[in-house]
Amino acid sequence: MKMKNFQKKKKLKKCWIKERTFDTVAEAEASILDQWSKHYTNHTENGRMVYYRCNKAKLRGPQCSISIYLLYHADHDKVTIYKTEAEHDHHVDKVRGIDENVKKCIEELYNDGIMKPKQIIRALQARKVKMPTCTQLNNYLVYYKKNKYGSHKISLGELGQWCENNQNIPTDENESFVVSYKILYNDEEYEDDEDVEDDGGNKFRIFISSVRLLGIISMSSHLCSDATYKGRGRITSQIGPLPNFN
Ligand SMILES: [Zn+2]
């Protein structure tokens with residue numbers, strides 16, 4: 001009951017300021033497309049009042065202080081936009097929702113190899129901490145991984161540079177190195193592969209191995225080739241920082 005009174009009071013305090021009048025409905029509605037979502041409608045003797053909320057705030061959750069309504073005048077075709085006298089204060093940081101201690105737990109779990117959201121949720125339940133929602137957890141993992149590993153995107157130029165820097169044959173026979181690589185930009189053509197259909201896009205070829213693996217190949221008569229991608233987290237520990245080829 002108390003809460004209800006409080007909300008009512010807050011609502012009454014809203015101060016509406018005339019923003020602009022449009023000659024047509026289409027013009028008025030086009031002007032608010034990007035930022036506003038329809039919230040509710042009131043019918044008054046002055047005309048229909050359609051309220052919009054700031055769509056940067058989630059529908060279910062605290063709303064942004066700023067809102068607008070369109071008055072479709074009853075006695076003529078013009079439409080006037082009114083705006084509350086307030087600043088945007090919508091929630092931007094999606095990560096803020098998770099408790100700091102829970103974030104630390106998630107990071108610990110992640111670094112212990114418990115990386116999948118479902119596994120993390122289960123582990124958090126066992127620790128009896130304040131549970132984040134799945135969306136919060138996923139958002140936080142994206143944010144954490146980005147900070148930990150850097151951006152997931154790499155340009156062909158950066159890839160070329162990375163290959164260049166990792167071509168030296170290491171003394172440790174288990175350490176990886178770039179045996180050979182080739183990068184073709186879309187205006188270049190294959191010189192040696194007549195069978196390859198050129199679709200005009202950028203291409204790269206990269207061959208990573210280790211002295212020990214190459215030694216095994218020299219004793220083998222068959223080769224089983226395979227490729228791994230999007231495996232960054234697992235590969236990193238074995239062969240050092242490797243860019244992600246998406
Ligand atoms: Zn807002």
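Reply: Helix α3 passes α5 in a right-handed crossing (the near helix is turned clockwise from the far one by less than a right angle). The model is predicted, with local features needing pLDDT of at least 70 and side-chain atom pairs pLDDT 80 or more, while totals for chains, interfaces and linings use all residues. Numbering starts from 1 along each chain as its sequence is written, and side-chain values use heavy atoms, without hydrogens and water.

The axes of α3 and α5 (residues 134-149) are 11 Å apart at an angle of about 60 degrees (lines fitted to C-alpha atoms over the stretch in contact; angles run from 0 to 180 degrees between N-to-C directions). Helices are DSSP runs of H or I with at least four residues, strands runs of E with at least two, numbered from the N terminus. On the α3 side, Lys103, Ile106, Glu107, Tyr110 and Asn111 make the contacts (heavy atoms within 4.5 Å); their partners in α5 include Leu137, Tyr140, Leu141 and Tyr144.

The loop between β5 (79-84) and α3 (100-111) holds His90, and the loop between β3 (47-54) and β4 (67-73) holds Cys64, so the pair ties together parts 26 residues apart in sequence. Both are zinc donors, along with Cys54 and His88, at 2.0 to 2.3 Å (N, O and S atoms within 2.8 Å count, or 3.2 Å for Na, K and Ca; water is not among the atoms, so sites may look incomplete). The arrangement is tetrahedral because the four donor atoms subtend angles of 101 to 119 degrees (all must lie between 85 and 135 degrees). Cys64 is buried at 7% relative accessible area (under 20%, with a 1.4 Å probe and protein chains only).

Terms used: Tetrahedral: all angles 85-135°; square planar, octahedral: opposite > 155°, others 65-115°. Buried < 20%, exposed > 50% of the residue type's maximum accessible area, 1.4 Å probe, protein only.
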